[in-house]
Amino acid sequence: MDVPFVDLRTQHRMLHDDVQQAISEVCARADFALGQDVGLFEEEFAALCGTEYAVGVDSGLSALELSLRALGVGPGDEVIVPAHTFIATAAAATFAGARPVLADVDPLTYNLDVDQAKRAITPKTRAIIPVHLYGLPADMTGLMELASAHGLVVVEDACQAHGATYRGRRVGSIGHTGAFSFYPTKNLGGCGDGGMVVTGDADVAEDIRAMRNCGQRKKGYHELPPFNHRLDTFQAAILRIKLRHLEAWNASRRQAAAWYGEALAGCPEIITPHESDDGTHVYHLYVIRVPDRDALRAYLHDHGVGSAIHYPIPIHLQPFYADLGYQPGQFPVTERLCDEIVSLPMFPGITADQVAYVADQVVAFVKGAVTVAV
Ligand SMILES: *Cc1c(COP(=O)(O)O)cnc(C)c1O
(Lines give C-alpha, C1' and ligand atoms only; values in the text may rest on other atoms or scores of the structure.)
Protein backbone atom coordinates (compact mmCIF):
# COMPACT_ATOMS: atom_id res chain seq x y z
CA MET A 1 0.00 0.00 0.00
CA ASP A 2 1.15 3.55 -0.73
CA VAL A 3 0.07 6.26 1.72
CA PRO A 4 1.06 9.79 0.75
CA PHE A 5 1.97 12.30 3.44
CA VAL A 6 -0.86 14.52 2.24
CA ASP A 7 -3.48 14.03 -0.49
CA LEU A 8 -5.22 17.14 -1.81
CA ARG A 9 -6.45 15.56 -5.04
CA THR A 10 -9.27 13.48 -3.55
CA GLN A 11 -10.70 16.57 -1.84
CA HIS A 12 -10.45 18.67 -4.99
CA ARG A 13 -12.07 16.00 -7.16
CA MET A 14 -15.06 16.11 -4.81
CA LEU A 15 -15.28 19.93 -5.05
CA HIS A 16 -14.48 20.16 -8.75
CA ASP A 17 -17.86 21.34 -10.05
CA ASP A 18 -18.45 23.88 -7.26
CA VAL A 19 -14.96 25.31 -7.67
CA GLN A 20 -15.28 25.57 -11.46
CA GLN A 21 -18.56 27.42 -11.07
CA ALA A 22 -17.15 29.83 -8.49
CA ILE A 23 -14.22 30.61 -10.78
CA SER A 24 -16.57 31.23 -13.72
CA GLU A 25 -18.67 33.59 -11.63
CA VAL A 26 -15.63 35.65 -10.64
CA CYS A 27 -14.65 35.83 -14.31
CA ALA A 28 -18.16 36.88 -15.28
CA ARG A 29 -18.16 39.66 -12.68
CA ALA A 30 -14.50 40.48 -13.38
CA ASP A 31 -14.17 41.82 -9.84
CA PHE A 32 -10.69 40.34 -9.54
CA ALA A 33 -9.22 42.70 -6.92
CA LEU A 34 -11.04 42.81 -3.56
CA GLY A 35 -14.18 41.49 -5.26
CA GLN A 36 -17.48 40.46 -3.75
CA ASP A 37 -16.25 37.02 -2.62
CA VAL A 38 -13.52 38.61 -0.47
CA GLY A 39 -16.09 40.54 1.59
CA LEU A 40 -18.43 37.55 1.83
CA PHE A 41 -15.64 35.20 2.85
CA GLU A 42 -14.53 37.68 5.51
CA GLU A 43 -18.05 37.73 6.96
CA GLU A 44 -18.31 33.95 6.92
CA PHE A 45 -14.88 33.45 8.48
CA ALA A 46 -15.57 36.03 11.20
CA ALA A 47 -18.81 34.15 11.95
CA LEU A 48 -16.90 30.88 12.29
CA CYS A 49 -14.39 32.46 14.69
CA GLY A 50 -16.98 34.45 16.60
CA THR A 51 -15.20 37.76 15.99
CA GLU A 52 -16.61 41.07 14.88
CA TYR A 53 -14.08 41.62 12.07
CA ALA A 54 -12.08 39.59 9.60
CA VAL A 55 -9.70 41.03 7.00
CA GLY A 56 -8.48 38.89 4.12
CA VAL A 57 -4.80 39.14 3.18
CA ASP A 58 -2.42 37.32 0.86
CA SER A 59 -0.76 34.93 3.37
CA GLY A 60 -0.50 33.87 6.98
CA LEU A 61 2.80 35.70 7.23
CA SER A 62 1.10 38.95 6.15
CA ALA A 63 -1.72 38.32 8.64
CA LEU A 64 0.87 38.10 11.43
CA GLU A 65 2.97 41.07 10.28
CA LEU A 66 0.01 43.39 9.67
CA SER A 67 -1.45 42.38 13.05
CA LEU A 68 1.74 43.48 14.81
CA ARG A 69 1.91 46.72 12.84
CA ALA A 70 -1.74 47.58 13.47
CA LEU A 71 -1.22 46.91 17.18
CA GLY A 72 1.63 49.43 17.20
CA VAL A 73 4.55 46.98 17.38
CA GLY A 74 7.66 48.18 15.54
CA PRO A 75 11.34 49.15 15.75
CA GLY A 76 12.83 48.93 19.24
CA ASP A 77 10.14 46.46 20.38
CA GLU A 78 10.56 42.81 21.31
CA VAL A 79 8.08 40.10 20.41
CA ILE A 80 8.08 36.76 22.26
CA VAL A 81 7.81 33.79 19.92
CA PRO A 82 8.16 30.05 20.58
CA ALA A 83 11.49 28.57 19.49
CA HIS A 84 9.58 25.59 18.05
CA THR A 85 7.43 26.92 15.21
CA PHE A 86 7.41 27.64 11.50
CA ILE A 87 9.80 30.45 10.48
CA ALA A 88 6.93 32.81 9.57
CA THR A 89 6.01 33.38 13.24
CA ALA A 90 9.41 34.94 13.96
CA ALA A 91 9.68 36.52 10.51
CA ALA A 92 6.49 38.51 11.12
CA ALA A 93 8.16 40.23 14.09
CA THR A 94 11.29 40.89 12.03
CA PHE A 95 9.34 42.33 9.09
CA ALA A 96 7.32 44.57 11.42
CA GLY A 97 10.69 46.05 12.43
CA ALA A 98 10.74 44.40 15.87
CA ARG A 99 13.06 41.78 17.34
CA PRO A 100 11.83 38.22 17.85
CA VAL A 101 12.74 36.95 21.31
CA LEU A 102 12.46 33.19 21.58
CA ALA A 103 11.13 31.11 24.44
CA ASP A 104 11.11 27.35 24.85
CA VAL A 105 7.99 25.22 24.53
CA ASP A 106 6.16 22.93 26.93
CA PRO A 107 7.43 19.33 26.71
CA LEU A 108 3.88 17.92 26.74
CA THR A 109 1.97 20.24 24.39
CA TYR A 110 4.93 21.56 22.31
CA ASN A 111 3.30 25.00 22.60
CA LEU A 112 4.76 28.18 24.13
CA ASP A 113 5.58 27.55 27.81
CA VAL A 114 4.05 30.29 29.97
CA ASP A 115 6.93 30.33 32.48
CA GLN A 116 9.52 30.50 29.71
CA ALA A 117 7.59 33.33 28.05
CA LYS A 118 7.49 35.15 31.38
CA ARG A 119 11.26 34.83 31.75
CA ALA A 120 11.77 36.30 28.27
CA ILE A 121 9.96 39.54 29.15
CA THR A 122 12.12 42.69 29.23
CA PRO A 123 11.21 46.40 29.38
CA LYS A 124 11.17 46.33 25.55
CA THR A 125 8.64 43.49 25.22
CA ARG A 126 5.44 44.58 23.45
CA ALA A 127 3.81 41.40 22.17
CA ILE A 128 3.52 37.62 22.46
CA ILE A 129 2.73 35.33 19.53
CA PRO A 130 1.41 31.99 20.82
CA VAL A 131 1.25 29.34 18.10
CA HIS A 132 -1.45 26.63 18.15
CA LEU A 133 1.13 24.22 16.84
CA TYR A 134 0.00 21.21 14.81
CA GLY A 135 -3.62 22.22 15.59
CA LEU A 136 -3.47 22.02 19.41
CA PRO A 137 -4.55 25.25 21.14
CA ALA A 138 -1.84 26.90 23.25
CA ASP A 139 -2.37 27.76 26.95
CA MET A 140 -4.32 30.94 26.16
CA THR A 141 -5.51 31.47 29.74
CA GLY A 142 -1.97 31.53 31.07
CA LEU A 143 -0.63 33.61 28.21
CA MET A 144 -3.45 36.18 28.27
CA GLU A 145 -2.96 36.60 32.02
CA LEU A 146 0.77 37.06 31.54
CA ALA A 147 0.18 39.58 28.73
CA SER A 148 -2.33 41.64 30.66
CA ALA A 149 -0.09 41.70 33.75
CA HIS A 150 2.70 43.21 31.61
CA GLY A 151 0.63 45.36 29.24
CA LEU A 152 1.46 43.23 26.18
CA VAL A 153 -0.60 42.52 23.07
CA VAL A 154 -1.25 38.94 21.93
CA VAL A 155 -1.36 37.88 18.29
CA GLU A 156 -2.49 34.26 17.96
CA ASP A 157 -0.72 32.34 15.23
CA ALA A 158 -3.69 30.14 14.31
CA CYS A 159 -2.23 29.20 10.91
CA GLN A 160 -2.43 25.47 11.80
CA ALA A 161 -5.66 25.52 13.78
CA HIS A 162 -8.67 26.72 11.77
CA GLY A 163 -11.79 25.86 13.74
CA ALA A 164 -10.03 24.59 16.87
CA THR A 165 -11.63 25.61 20.16
CA TYR A 166 -10.08 26.57 23.47
CA ARG A 167 -12.40 26.50 26.51
CA GLY A 168 -15.40 26.90 24.22
CA ARG A 169 -13.98 29.71 22.08
CA ARG A 170 -12.52 29.47 18.61
CA VAL A 171 -8.79 30.03 18.44
CA GLY A 172 -7.97 33.37 16.87
CA SER A 173 -10.75 35.09 18.81
CA ILE A 174 -8.97 35.10 22.19
CA GLY A 175 -5.93 37.35 21.57
CA HIS A 176 -6.00 40.93 20.28
CA THR A 177 -5.89 39.44 16.80
CA GLY A 178 -5.74 35.96 15.31
CA ALA A 179 -3.79 35.18 12.14
CA PHE A 180 -4.70 32.39 9.71
CA SER A 181 -3.04 31.00 6.60
CA PHE A 182 -4.88 29.41 3.68
CA TYR A 183 -1.77 27.80 2.20
CA PRO A 184 -3.08 24.79 0.24
CA THR A 185 -2.24 22.08 2.81
CA LYS A 186 -3.65 23.91 5.87
CA ASN A 187 -6.88 22.67 7.48
CA LEU A 188 -8.62 25.33 5.38
CA GLY A 189 -6.45 25.78 2.29
CA GLY A 190 -6.99 27.54 -1.01
CA CYS A 191 -5.76 26.80 -4.51
CA GLY A 192 -2.85 29.13 -3.86
CA ASP A 193 -1.91 31.49 -1.06
CA GLY A 194 -4.14 33.47 1.25
CA GLY A 195 -4.52 34.60 4.84
CA MET A 196 -6.87 36.28 7.30
CA VAL A 197 -6.75 38.42 10.41
CA VAL A 198 -9.67 38.18 12.83
CA THR A 199 -10.18 40.71 15.62
CA GLY A 200 -12.75 42.39 17.79
CA ASP A 201 -10.97 45.74 17.51
CA ALA A 202 -12.50 48.05 14.87
CA ASP A 203 -9.42 50.30 14.62
CA VAL A 204 -7.05 47.38 14.17
CA ALA A 205 -9.31 45.91 11.47
CA GLU A 206 -9.48 49.24 9.67
CA ASP A 207 -5.70 49.74 9.74
CA ILE A 208 -5.08 46.24 8.37
CA ARG A 209 -7.71 46.83 5.68
CA ALA A 210 -5.82 50.00 4.69
CA MET A 211 -2.34 48.45 4.88
CA ARG A 212 -3.22 45.45 2.70
CA ASN A 213 -4.40 47.87 0.00
CA CYS A 214 -1.60 50.39 -0.54
CA GLY A 215 -2.10 52.09 2.83
CA GLN A 216 -5.35 53.70 1.69
CA ARG A 217 -8.24 54.43 4.04
CA LYS A 218 -9.60 56.64 1.30
CA LYS A 219 -8.89 56.02 -2.37
CA GLY A 220 -5.82 57.88 -3.58
CA TYR A 221 -4.86 58.96 -0.06
CA HIS A 222 -1.97 56.84 1.27
CA GLU A 223 -1.81 57.27 5.01
CA LEU A 224 -0.35 53.95 6.22
CA PRO A 225 2.56 51.88 4.81
CA PRO A 226 1.49 51.23 1.19
CA PHE A 227 1.75 47.41 1.03
CA ASN A 228 -0.03 45.17 -1.41
CA HIS A 229 -1.25 42.25 0.70
CA ARG A 230 -4.73 41.78 -0.77
CA LEU A 231 -6.52 38.41 -0.63
CA ASP A 232 -7.13 37.29 -4.21
CA THR A 233 -10.81 37.12 -5.21
CA PHE A 234 -10.44 33.66 -6.81
CA GLN A 235 -8.99 32.30 -3.59
CA ALA A 236 -11.78 33.86 -1.53
CA ALA A 237 -14.41 32.33 -3.85
CA ILE A 238 -12.83 28.88 -3.53
CA LEU A 239 -12.28 29.22 0.22
CA ARG A 240 -15.98 30.06 0.68
CA ILE A 241 -16.83 26.66 -0.78
CA LYS A 242 -14.21 24.87 1.29
CA LEU A 243 -15.21 26.64 4.52
CA ARG A 244 -18.52 24.69 4.44
CA HIS A 245 -16.53 21.46 4.77
CA LEU A 246 -14.10 22.59 7.47
CA GLU A 247 -15.91 21.04 10.45
CA ALA A 248 -16.32 17.69 8.67
CA TRP A 249 -12.68 17.74 7.56
CA ASN A 250 -11.49 18.51 11.09
CA ALA A 251 -13.66 15.67 12.38
CA SER A 252 -12.07 13.35 9.83
CA ARG A 253 -8.61 14.43 11.01
CA ARG A 254 -9.60 13.80 14.63
CA GLN A 255 -10.95 10.36 13.73
CA ALA A 256 -7.68 9.50 12.00
CA ALA A 257 -5.76 10.70 15.09
CA ALA A 258 -7.92 8.44 17.27
CA TRP A 259 -7.12 5.46 15.00
CA TYR A 260 -3.41 6.25 15.17
CA GLY A 261 -3.62 6.64 18.94
CA GLU A 262 -5.19 3.20 19.40
CA ALA A 263 -2.81 1.49 17.02
CA LEU A 264 0.32 3.02 18.56
CA ALA A 265 -0.78 2.79 22.21
CA GLY A 266 0.94 -0.53 22.87
CA CYS A 267 4.35 0.88 22.02
CA PRO A 268 5.89 2.81 24.93
CA GLU A 269 8.83 3.98 22.78
CA ILE A 270 6.41 6.12 20.73
CA ILE A 271 5.12 9.39 22.16
CA THR A 272 1.78 10.29 20.59
CA PRO A 273 0.24 13.81 20.56
CA HIS A 274 -1.15 15.33 23.74
CA GLU A 275 -4.90 15.90 23.95
CA SER A 276 -6.34 18.30 26.51
CA ASP A 277 -9.76 18.99 28.01
CA ASP A 278 -9.04 22.69 27.42
CA GLY A 279 -9.25 22.52 23.67
CA THR A 280 -9.98 20.46 20.60
CA HIS A 281 -6.90 19.44 18.65
CA VAL A 282 -7.66 19.76 14.92
CA TYR A 283 -4.59 17.77 13.84
CA HIS A 284 -3.19 19.92 11.09
CA LEU A 285 -0.31 17.48 11.60
CA TYR A 286 -0.06 14.15 13.41
CA VAL A 287 3.35 14.30 15.03
CA ILE A 288 4.88 11.48 17.05
CA ARG A 289 8.25 11.22 18.77
CA VAL A 290 10.48 8.21 18.33
CA PRO A 291 14.09 7.47 19.34
CA ASP A 292 15.53 6.81 15.86
CA ARG A 293 13.53 9.22 13.75
CA ASP A 294 15.66 9.38 10.60
CA ALA A 295 15.88 5.61 10.31
CA LEU A 296 12.11 5.36 10.83
CA ARG A 297 11.53 7.83 8.01
CA ALA A 298 13.77 5.83 5.69
CA TYR A 299 11.90 2.64 6.65
CA LEU A 300 8.52 4.28 6.04
CA HIS A 301 9.71 5.59 2.70
CA ASP A 302 10.79 2.06 1.69
CA HIS A 303 7.32 0.83 2.63
CA GLY A 304 5.43 3.42 0.59
CA VAL A 305 4.60 5.79 3.44
CA GLY A 306 5.19 9.54 3.19
CA SER A 307 6.37 11.49 6.23
CA ALA A 308 7.85 14.88 7.06
CA ILE A 309 9.54 16.83 9.87
CA HIS A 310 7.93 19.97 11.29
CA TYR A 311 10.46 21.40 11.92
CA PRO A 312 13.98 19.98 11.63
CA ILE A 313 15.86 23.15 12.69
CA PRO A 314 14.62 25.38 15.53
CA ILE A 315 14.26 29.10 14.91
CA HIS A 316 17.30 30.03 17.01
CA LEU A 317 19.59 27.80 14.92
CA GLN A 318 18.33 28.96 11.51
CA PRO A 319 21.04 30.65 9.43
CA PHE A 320 18.83 33.69 8.81
CA TYR A 321 18.63 34.30 12.55
CA ALA A 322 22.35 33.81 13.34
CA ASP A 323 22.61 37.51 14.23
CA LEU A 324 20.10 37.12 17.09
CA GLY A 325 23.06 35.52 18.91
CA TYR A 326 21.42 32.35 20.22
CA GLN A 327 23.48 29.21 20.85
CA PRO A 328 22.78 25.48 20.57
CA GLY A 329 21.51 24.17 23.91
CA GLN A 330 19.60 27.33 24.80
CA PHE A 331 16.14 25.82 24.21
CA PRO A 332 16.54 22.18 25.23
CA VAL A 333 12.90 21.11 24.85
CA THR A 334 12.70 22.51 21.33
CA GLU A 335 16.06 21.01 20.35
CA ARG A 336 15.10 17.59 21.64
CA LEU A 337 11.79 17.73 19.77
CA CYS A 338 13.54 18.66 16.54
CA ASP A 339 15.59 15.45 16.81
CA GLU A 340 12.69 13.14 17.66
CA ILE A 341 9.59 14.33 15.80
CA VAL A 342 8.10 12.86 12.67
CA SER A 343 4.82 13.83 11.04
CA LEU A 344 2.78 10.87 9.77
CA PRO A 345 0.23 10.98 6.91
CA MET A 346 -2.75 13.13 7.94
CA PHE A 347 -5.43 14.61 5.72
CA PRO A 348 -9.23 14.62 5.62
CA GLY A 349 -10.48 11.39 4.11
CA ILE A 350 -7.48 9.27 5.09
CA THR A 351 -8.99 5.81 5.56
CA ALA A 352 -8.89 3.46 8.54
CA ASP A 353 -6.94 1.01 6.35
CA GLN A 354 -4.36 3.62 5.44
CA VAL A 355 -3.88 4.64 9.07
CA ALA A 356 -3.64 0.99 10.17
CA TYR A 357 -1.03 0.30 7.50
CA VAL A 358 1.08 3.32 8.50
CA ALA A 359 0.79 2.48 12.21
CA ASP A 360 1.79 -1.15 11.49
CA GLN A 361 4.94 0.02 9.72
CA VAL A 362 5.83 2.37 12.57
CA VAL A 363 5.34 -0.33 15.21
CA ALA A 364 7.23 -2.92 13.15
CA PHE A 365 10.16 -0.55 12.82
CA VAL A 366 10.21 0.56 16.44
CA LYS A 367 9.92 -3.00 17.79
CA GLY A 368 12.60 -4.22 15.37
CA ALA A 369 14.90 -1.30 16.09
CA VAL A 370 14.58 -1.81 19.82
CA THR A 371 15.50 -5.50 19.50
CA VAL A 372 18.61 -4.58 17.52
CA ALA A 373 19.61 -1.86 20.02
CA VAL A 374 19.33 -4.28 22.96
C1 LIG B 1 1.71 28.19 7.49
C2 LIG B 1 2.14 28.92 8.70
C3 LIG B 1 2.38 30.31 8.70
C4 LIG B 1 2.47 31.16 7.47
O5 LIG B 1 1.54 31.01 6.54
P6 LIG B 1 1.81 31.41 5.01
O7 LIG B 1 0.43 31.54 4.48
O8 LIG B 1 2.60 30.30 4.39
O9 LIG B 1 2.56 32.70 5.01
C10 LIG B 1 2.67 30.91 9.91
N11 LIG B 1 2.74 30.21 11.05
C12 LIG B 1 2.55 28.89 11.09
C13 LIG B 1 2.64 28.18 12.40
C14 LIG B 1 2.24 28.19 9.92
O15 LIG B 1 2.07 26.87 9.97
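Domain bounds are taken from an automatic or database domain assignment. The structure is a predicted model, in which local features require pLDDT of at least 70 and side-chain atom pairs count only at pLDDT 80 or more, while totals for chains, interfaces and linings use all residues. Residues are numbered from 1 along each chain as its sequence is written, and side-chain values use heavy atoms, with hydrogens and water left out.

Pockets were located on a 1 Å grid over the protein atoms alone, as open sets of points where a 1.4 Å probe fits, with protein on both sides within 12 Å along at least five of seven lines; a lining residue has an atom within 4 Å of a point. Points are joined across faces, edges and corners, and the volume is the space filled by probe spheres set on them. The largest pocket holds about 480 Å³ of space. Its lining comprises 28 residues, and Phe86, Tyr183, Thr185, Lys186 and His284 lie nearest the centre. Of the lining residues, 14 are nonpolar, ten polar and four charged; here Ala, Val, Leu, Ile, Met, Phe, Trp, Tyr, Cys and Pro count as nonpolar, Asp, Glu, Lys and Arg as charged, and the others, Gly among them, as polar. Domain 1 (9-243) and domain 2 (247-366) each contribute at least three residues to this lining. Helices are DSSP runs (H or I, at least four residues) numbered from the N terminus. Both α3 (60-70) and α4 (87-95) supply at least two lining residues, and α3 gives the largest share, with three.

The second largest pocket contains about 240 Å³ of space. Among its 16 lining residues, Thr109, Pro137, Ala138, Asp139 and Asp278 are nearest the centre. This lining is made up of six nonpolar, five polar and five charged residues, and at least three residues come from each of domain 1 (9-243) and domain 2 (247-366).

Around the ligand there are 13 residues, with Gly60, Asp157, Gln160, Ser181 and Lys186 coming nearest; a residue is included if one of its heavy atoms lies within 4 Å. Polar contacts are pairs of N or O atoms within 3.5 Å. A polar backbone atom of Gly60 lies 2.7 Å from a ligand oxygen atom, and a backbone N or O atom of Leu61 is 2.9 Å from an oxygen atom of the ligand. Gln160 places a polar side-chain atom 2.8 Å from a ligand oxygen atom. The ligand taken alone exposes 390 Å², of which the protein buries 91% (Shrake-Rupley method, 1.4 Å probe).

In the backbone, His310 and Tyr311 are joined by a cis peptide bond with omega of about 10°. Tyr311 belongs to the loop between α10 (293-302) and α11 (332-340).

Notes. A polar contact is a pair of N or O atoms within 3.5 Å; within protein, one must be able to donate a hydrogen and the other to accept it, and residues adjacent in sequence count only if both atoms are side-chain atoms.
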